[in-house]
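Please examine the chain shown below, with attention to its backbone, its surface and its charged side chains. The report that follows describes selected features in turn.

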Amino acid sequence: MVTLRGTEVTEIPFVVESKFNLSMPQEENITVSRENQALPNDDRYDAQRIEPRWFERWQDASLYAAERDSTKQKYYVLEMLPYPSGVLHMGHVRNYAIGDALARYMWMNGYNVLHPMGWDSFGLPAENAAISANVPPREWTLRNIANMKAQMKRLGFAYDWSREVTTCLPEYYRWNQWFFLKFYEKGLAYRKKSKVNWCPKCATVLANEQVAGGFCWRHEDTRVEQRDLEQWFLRITNYTEELLRDVEKLGNWPEKVRTMQRNWIGRSEGTLVDFKLDGASDSPDSIITVFTTRVDTIYGATSVQLAPEHPLVARLTKNNDPLRASVEQLIAEQRKAKEVGDIGAIEKHGVNTHRVAVNPYNGERVPIWVANYILMDYGTGAIMSVPAHDERDFEFAKKYGLPTPVVIVPRPDDPEETVVEPALPFTTLQGTLVNSGPFSGLDCEDAIQKMSAYAEEHGFGKATVTFRLKDWGISRQRYWGTPIPMLYCAKDGIVPVPEKDLPVLLPEKVNITLSGGSPLAKVPEFVNATCPKCGGPARRETDTMDTFVDSSWYFYRYTDARNDREPFDKEQAGYWFGERGIDQYIGGVEHAILHLIYSRFWTKFMRDMGMVKNDEPAQRLFTQGMIIKGGAKMSKSLGNVVSPDDMIARYGADSTRMYTLFATAPDRELDWQDEGVEGIQRFLGRVYRFVVRNAANGSHATKETLQATSLQPEARVIQRKLHQTIKRVSDDFQGRWHFNTSIAAIMELVNELYAAEGAIAKDRVPKPLLMEVQRNLVLLLAPFAPYLAHELWEMLGEKGNLLKASWPKYDPALAKEDEIEIPVQVNGKLRCVVVVPAGSSEDTIREVALADEKIKAAVAGKQIVKVIVVAGKLVNVVVR
């Protein structure tokens, strides 16, 4: 490990898998070097002096501009665009530091890099701000964007700002509306009734975030109701099979994300079975259709259970206030579990409706319950509960004292064996049916097929495939979103706004109260329109679009951000996306489901329209870990939020961003430590001081490749470590992205340079090598600490743009160790470590190991059975 407290250099073996300790106490017996000597003021690293100078130089808008270039290989690297809440948090910094390091590395490797940024700027927080601070949403949003953009620039992120996208501006959202019209033309946009959260006192729809424990967030004594409203949907289910199948193409996405996508799509093979409401008429309303993957267990059904939002529940509770109150409590519990994100872990509760349904297979009457663990968006929103053969049903039955009849038993190895009743719940398919009428004796899988066919033959069911994924409801009864471009005419019905009339503009002066319905409905000049078909009066749609619409295609707009004729030119998109999509997409795992599945759907729709060639939006995806502090997620309520501005003011932008890459691997959770940023600052100071002292020594040296055999031992150590470091950092960029080990490798190289200062002073390190190692050190540092790297690049006398300088290449011969250490064991127990020339033969290694005095003592008086040599790694002497 390397200790960076103060300015000392402590030689401690470095363990790659552990974090560097950047805040250890002073150590004894430290190695004394010229680093500890007093320095002139201008030799001390001062980020607040260096960074503003380069910040001013980098304001040139064309510095990171990307253009199509057929002579270079393109590379599109993208971090997910942020919501402009007002200030960046450290999670943003980590995300963008990862993408920025990669973009700089690819530029230096000769790629034509597209690295844009924008703002996902519609959303409910702007409306809340309008109420609490009396600031119009547009003004609040644009002010926040300006502030966050300034922060990004100060952090030195290399974005092509000429392609900046702001989704709340008409030049962007007009194309949301254009896409909506295309969906409508293709029959993929439609209206239907759907349930919403409704506060009777506000007289408006509430977002899920505005419902707390079943009550309105503004009126804590008012219980939120579920109401049916006509809303707009996009028919994503037309692409369900393809979305599921193509998950297998996403081999460069994290497996956890692919699993989450599969689970959200939720393909299930099973059987639809119609239970009839006992005592009801033969109308369709009396049928409860359940979906089950285990129809073989239906003779063990002891109840039918409904999701709290099932349509029948509303009828059953209509004139039953106590039942309705119980159901509303179940809805609140379910909503809370969804907010936490683990509906499967919900404590299972239910209420008996005291109505019964008839099992069509055996005519048994079973009670109808409403349960909080049944989801309306899975299957039909109704299940048959078979406690003996389902873990959730068993848990529920035990809680409420429901019977648990056994209808599946283990399949005996010997037909003559006596069947033993299994421990419950018995859920395996490897069983045989019992107590199941004419199906008794069948194996489970055979029974599923025959019982599904029986249901279809007798008209009360059929085999089917269902998906959890439902059509995408995009209507929001909000102001701050994209207006849906539809009109309602008394004569012609629903009429789309003509494309030539786009965009349908949001009015700016709107009274936002979050009560009395949609704010747009109260603006007559917005609502009242003319029907383009008949010329008569028409009413404009007052719902706005879900903000996931904005983020479903924004990365295509980056390729042609100023196009006012179409969303983007397909040739431009074709160049940057190719046939496989964004080269590298980076963002939080919290977006692994909705954002990614909607953007995948949008890409496939655009492909079918001939706008793009790629099937998927991104060929590679990386999800960074969360930043916490003190073991908890950063939040204002806990008082543990770290401000990037504070860190920059104290330690500089380079230290702040570099720490987010160094503290741990980027896909892991990072527990923030201010002392760690201070330690990075000290390390950068060491780099700065070394170059300040030694830049002149190599400034006039000729650039030449020095052979290892011509160097003094101290110089050879530096040369070898340099090439080893180049390989380690390059490998990390090309592979696992463990930038923490990349930075650790650079630290080790700097340690070697300080250890060689005495040799440098005595001219035992050739000036060409000294120049080479300083130059390459700066190149290696450039993706992680661009401000300092540019400062040192200029200090070394380099005139070209560091961003376009060639990434250093390592020479395997020069990286090779001259000598290696080989551990030697006797009967598997470590006895010593011997040093041999690199590349030694097995015979040489064996001879050296057996000649060691410790090994001689360990084998004295014993018979050597064999000597196992693992070349370059291990010797094991087996004796008896």
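D763 lies in the loop between α21 (757-761) and α22 (767-781); helices (H or I, at least four residues) and strands (E, at least two) are DSSP runs, numbered from the N terminus. Although D763 is not a glycine, its phi is positive, at about 60°. With a relative accessible area of 56%, D763 is exposed. Here buried means under 20% relative accessible area, exposed over 50%, and partly exposed in between (1.4 Å probe, protein chains only).

This is a predicted model, in which local features need pLDDT of at least 70 and side-chain atom pairs count only at pLDDT 80 or more, while totals for chains, interfaces and linings use all residues. Residues are numbered from 1 along each chain as its sequence is written, and side-chain values use heavy atoms, with hydrogens and water left out.

**Backbone features**

A positive phi is also found at H354, which is not a glycine; the angle is about 65°. H354 belongs to strand β13 (residues 350-358). Its relative accessibility of 69% means that H354 counts as exposed.

One joins L424 and P425, with omega about 0°, and P425 is located in the loop between β16 and β17. Another joins L502 and P503, with omega about 5°; P503 is in the loop between β22 (493-496) and α12 (524-527).

**The chain as a whole**

The secondary structure comprises 26 helices and 34 strands. The C-alpha trace spans about 105 × 85 × 50 Å along its principal axes. Of the 880 residues in the chain, 55% are buried. The chain exposes about 38,300 Å², of which carbon and sulfur atoms supply 49%; such areas come from the Shrake-Rupley method with a 1.4 Å probe, and for residues only the protein chains shown count as cover.

Contacts (heavy atoms within 4.5 Å) can also be sorted by distance along the sequence. Among those between residues at least 6 apart in sequence, 72% join residues at least 24 apart.

**A buried serine**

Is S475 buried or exposed? S475 counts as buried because its relative accessibility is 2%. The residue is part of strand β20 (residues 475-476). A polar atom of the S475 side chain lies 2.6 Å from the backbone nitrogen of W232. Apart from neighbours within four places in sequence, S475 is in contact with Q231, W232, I484, D543 and T544.

**Charges and salt bridges**

The chain carries 108 positive and 115 negative charges, whose mean positions are 2 Å apart. In this count Lys and Arg are positive and Asp and Glu negative, while His and the chain ends are not counted. The place of a charge is taken as NZ of Lys, CZ of Arg, CG of Asp or CD of Glu.

Side chains of opposite charge can pair when their charged atoms come close. A salt bridge is a side-chain nitrogen of Lys or Arg within 4 Å of a carboxyl oxygen of Asp or Glu. A search of the whole structure finds 52 salt bridges. Three of them are listed here.

| Salt bridge | N to O distance |
|---|---|
| D443 and R411 | 3.3 Å |
| D674 and R650 | 3.4 Å |
| R846 and D843 | 2.9 Å |

D443 forms a salt bridge with R411. D443 lies in the loop between β17 (431-433) and α11 (444-457) and R411 in the loop between β16 (408-410) and β17, so the pair ties together parts that are 32 residues apart in sequence. D443 is partly exposed, with a relative accessible area of 32%, and R411 is likewise partly exposed, at 36%.

D674 forms a salt bridge with R650. This pair links distant parts of the chain, 24 residues apart: D674 is in helix α18 (residues 674-698) and R650 in helix α16 (residues 644-651). D674 counts as buried at 18% relative accessibility, whereas R650 is partly exposed at 44%.

R846 and D843 both lie in helix α25 (residues 842-851), three residues apart, which is about one turn of the helix. R846 counts as partly exposed, with 24% relative accessibility, and D843 is also partly exposed, with 49%.

Which residues are linked in a network of salt bridges? They are E242, R245, D246, K249, R600, K604, R607, D608, D615 and E616.

Technical notes:
Polar contact = N/O pair within 3.5 Å; in protein donor to acceptor, adjacent residues only side chain to side chain.
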